[in-house]
Amino acid sequence: MKKILALNLKMNFDYKDIKNYVVALNDNLKASDIIVLPPMLFLPYFISQNYKIGAQNISEFDNGAYTGEVSCSQLKSIGVAYALIGHSERRQYQCENDDKINSKIKKALENGLKVIFCIGETKEEREMLKTSKVLKKEIVDGLKGIDENNLKNVIIAYEPIWSIGTGIIPTNKDIVDTTKFIIDTAVKVFNYKPKVLYGGSVNEKNIAELNKINEISGFLVGGASLDVKKVLKMKEVVEK
Ligand code: PEP
């Protein structure tokens with residue numbers, strides 16, 4: 001099965017860079033399973049060019065006096081299809097806890113957005129053999145109170161925090177074992193079998209090896225998504 005490639009551009013690029021990026025992509029991602037997550041400001045630009053688009057963040061509130069926030073209905077109204085929720089950078093720098101993440105997931109689903117829900121353990125947690133415990137808590141608390149029907153629209157992204165931006169990646173066996181654990185947990189607790197993406201230092205060089213993992217449904221890519229040449233090489237691999 002063809003795998004999904006989700007490109008998290010994070011807080012990179014100005015308008016000129018974005019236009020150059022899109023010119024260099026040269027329509028290459030449009031008819032594919034590639035989701036671009038640009039900075040919020042540039043969402044309309046990608047939408048006008050017909051890309052499959054996600055927001056890197058959403059508000060858990062409907063509307064009103066929430067300065068600086070962007071609501072799910074606003075995003076939906078311009079054609080955004082996905083919301084990235086629970087990314088470790090937001091957990092760390094914006095102090096987003098499991099309760100807030102749960103509220104955001106609910107709000108996104110209520111508004112018809114599909115969710116890419118990130119979970120992952122720190123290096124210390126891994127060394128202390130707490131990976132399963134941490135992931136289970138993130139899954140259970142992040143998805144509580146969401147019915148089976150809505151859970152179908154939640155893709156889980158397994159992103160070991162120690163792998164994000166470090167160039168260090170787990171072995172394929174580790175990814176297989178952890179993915180099985182994630183799917184097993186979701187099935188047991190919520191009766192839902194999620195698609196699982198792997199994220200953490202995926203690039204044009206290692207993606208062919210990672211692509212052999214049948215248990216995962218795709219990749220969430222940060223750093224390597226900023227270079228169009230790397231993106232096109234990764235696309236070639238996942239679409240083989
Ligand atoms: C990420 O931040 O979601 C990510 C996977 O980053 P990188 O690919 O740079 O490790």
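One definition before we start: buried means under 20% relative accessible area, exposed means over 50%, and partly exposed lies in between, with a 1.4 Å probe and protein chains only. Now the ground rules. This is a predicted model, where local features need pLDDT of at least 70, side-chain atom pairs count only at pLDDT 80 or more, and totals for chains, interfaces and linings use all residues. Residues are numbered from 1 along each chain as its sequence is written, and side-chain values use heavy atoms, with hydrogens and water left out.

Helices (H or I, at least four residues) and strands (E, at least two) are DSSP runs, numbered from the N terminus. Two strands pair if DSSP finds at least two bridges between them.

So, the sheet. Eight strands form a closed barrel with parallel pairing, in the order S1-S2-S3-S4-S5-S6-S7-S8. Neighbouring strands are turned by 25 degrees against each other on average, direction ignored. For angles, axes are lines fitted to C-alpha atoms, for helices over the stretch in contact, and values run from 0 to 180 degrees between N-to-C directions.

Look at S1, residues 4-8. Is it buried or exposed? Mostly covered: 5 of its 5 residues are buried. Ile4, Ala6 and Asn8 sit on one side, Leu5 and Leu7 on the other, and both faces are covered.

What does S1 pair with? On one hand, S8, residues 218-221, runs parallel to S1 and is joined to it by 4 bridges. Ile4 stands opposite Gly218, and Leu7 has Val221 as its bridge partner. S1 also pairs with S2, residues 34-37, in the parallel sense over 4 bridges. There, Leu5 partners Ile34. From S1 the chain crosses through helix H1, residues 15-25, to S2, in a right-handed β-α-β crossover. Right-handed here means that, with the strands pointing away from the viewer, the path from the first strand over the helix to the second runs clockwise.

Last, two helices. The axes of H5 (residues 98-110) and H7 come within 7 Å and cross at roughly 50 degrees. That makes H5 oblique to H7, since angles under 35 degrees count as roughly parallel, over 145 as roughly antiparallel, 65 to 115 as roughly perpendicular and the rest as oblique.
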